[in-house]
Amino acid sequence: MLHILKNWNIKPFRDKHRLPVLIAGGPAVILNPRPLFPFFDVLLIGEAESILNDAEWIFEEKHTLENYLAKKSYSIIPGQKEYASRTYLMDLSLSRAFSAIISDKSYFNMFLLEIQRGCPKKCRFCLLGHAYLPPRFMPEDVVKTILHKGKARAQTAGFVGSAILSHPRITEILEETLRIYKKMSFSSMGLKDILKKPHLINLFKKGGVKTVTIAPETGKTLRKKINKPYLDEDIYFLVELLQKHKIMSLKLYFIIGLPEETPENVEEIRQLLEKILMIYRGSVKVTVSIFVPKFHTPLASKQFAEEKDIRKKLKILKGLSSKKRLHLRLPSYHHAKVEVLLARGDEEIGMALYRKVYSGESIRKNINFETYLFDTSKIAQLVSTHPVNIGVTNSFIKREIAKYHNARLTPECKPEYCRLCGLCNK
Ligand code: SF4
């Protein structure tokens, strides 16, 4: 946000030279538009295709456009209409989310294609698993047609999505990809999907995939609480499979500081990694983050972890940094704190960032940081007055909170008959 304020020269309402600016969608805006209120005339909440299909974008007067958008359920007009319902594209076959320009000067020199949106697994800390429901999949024939469009322009097909391997026709899609492209790449991989379809590893190998990435997130005891339905043994099975197919690089993501986490739970992560190193001869890259509570998730109202608690837990993991073949990336408490402020902050935080950029004033000057991190009544008020309705019912969220405490699992989405969160019976 600092970068945007500085480089776009965006000014708050009070400045008469302020430029009219519109902004549409994006996970950060759905997560928390409030810090942006002082800077934007209109915030449009949801997926761009759904918004752009709906709008008539040419108006002579700025206020006519504002009046037009004010009538839309997905718009927020700061100071006037500060509540919106997310809009989304139900039929992903209408999406045009694939690379328009491919350049060997770009970081991603590949044909990128989004084949799936909205993760069906509903991990209880995860924004994408809640704010983008229901899960939607691009039909196989549309995926294949789009893959053929990109074949003359790139040698690698890059699949984008939060649960790509959950696509019901993933095997057929990857087989077709291998007929057209030399390589394939994935923005996410789900362990459960690989366990259900272990033949995918063979397709990865043929597609030049060098690294498999999974996110066990935590040790075996806490995993059920966050709604990850797999055991350490499942991870060992995957590791053996990788070894057998000579895929010699594994990336793992973990979170510490989750609610009710004990040092013993972090010790379970350490033991898991030790055992993986015993079974697997390849390189193991481990990234550890600190839990940042996100609006719209069942863990939204939880406190951020105390620094001394995080220090204690990091100590448990630090011993692993001397291990050969293990590359350990540990988190910064300070950075996680800033993330919480942006994820949970309001207009006050937006203005404090603005003053920091333009007059060098300390963000702490008029703001008590800690209330956003630890003050349960302030946090409850921010959650209950959140300006975005994502469409998931409050009763679903309440049940999910209770299931977190009782370590009970919620099944993956089955939109044909599931009515759990209230989105699929509309
Ligand atoms: S109603 Fe069920 S299938 Fe549909 S999004 Fe909600 S949890 Fe998923």
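Author: Let us begin with exposure: a residue is buried if 20 or more other C-beta atoms lie within 10 Å of its own, exposed if 12 or fewer, and partly exposed in between, with C-beta atoms placed from the backbone. E260 has 12 C-beta neighbours inside 10 Å and therefore counts as exposed. This is a predicted model, in which local features need pLDDT of at least 70 and side-chain atom pairs count only at pLDDT 80 or more, while totals for chains, interfaces and linings use all residues. Residues are numbered from 1 along each chain as its sequence is written.

Reader: Where does E260 lie, and what is its phi?

Author: Helices (H or I, at least four residues) and strands (E, at least two) are DSSP runs, numbered from the N terminus. E260 lies in the loop between strand 11 and helix 12 (263-279). Its phi is near 70 degrees, a positive value in a residue other than glycine. K246 also has a positive phi, near 55 degrees, and is placed in the loop between helix 11 (232-244) and strand 11 (249-256). K246 is exposed because 9 other C-beta atoms lie within 10 Å.

Reader: Is I279 buried, exposed or partly exposed?

Author: I279, a residue of helix 12, has 13 other C-beta atoms within 10 Å and so is partly exposed. For contacts, the rule is that the C-beta atoms of two residues, placed from the backbone, lie within 7 Å. Leaving aside neighbours within four places in sequence, I279 is in contact with Y236, V239 and E240.

Reader: How is the overall form of the chain described?

Author: For 426 residues a compact globule would have a value near 22 Å, and the chain agrees because its radius is 23 Å. Its C-alpha trace spans about 65 × 55 × 45 Å along the principal axes. The chain has 18 helices and 14 strands, and buried residues make up 36% of its 426 residues.

Reader: Into which domains is the chain divided?

Author: Domain bounds come from an automatic or database domain assignment. Here they give domain 1 (1-89 + 345-391) and domain 2 (94-343 + 397-406). Their centres, taken over C-alpha atoms, are separated by 29 Å. In contact across the boundary are 20 residues of domain 1 and 17 residues of domain 2.

Reader: What is meant by a nonpolar core?

Author: In soluble globular proteins, nonpolar side chains tend to be buried together. A nonpolar core is a set of buried Ala, Val, Leu, Ile, Met, Phe, Trp, Tyr and Cys residues joined through C-beta atoms within 7 Å. The largest nonpolar core has 94 residues, of which L43, I45, I115, F125, A157 and F291 touch the most other members.

Reader: Which residues are around the ligand?

Author: A residue is near a molecule if its C-beta atom, placed from the backbone, lies within 6 Å of it. Around the ligand are L133, P134, C413, K414, P415, C418, R419, L420, C421, L423 and C424. L133 and P134 are joined by a cis peptide bond, with omega about -5 degrees. P134 is found in the loop between helix 5 (128-131) and strand 7 (136-137).

Note on methods: Rg over C-alpha atoms; globule rule 2.2 N^0.38 Å.
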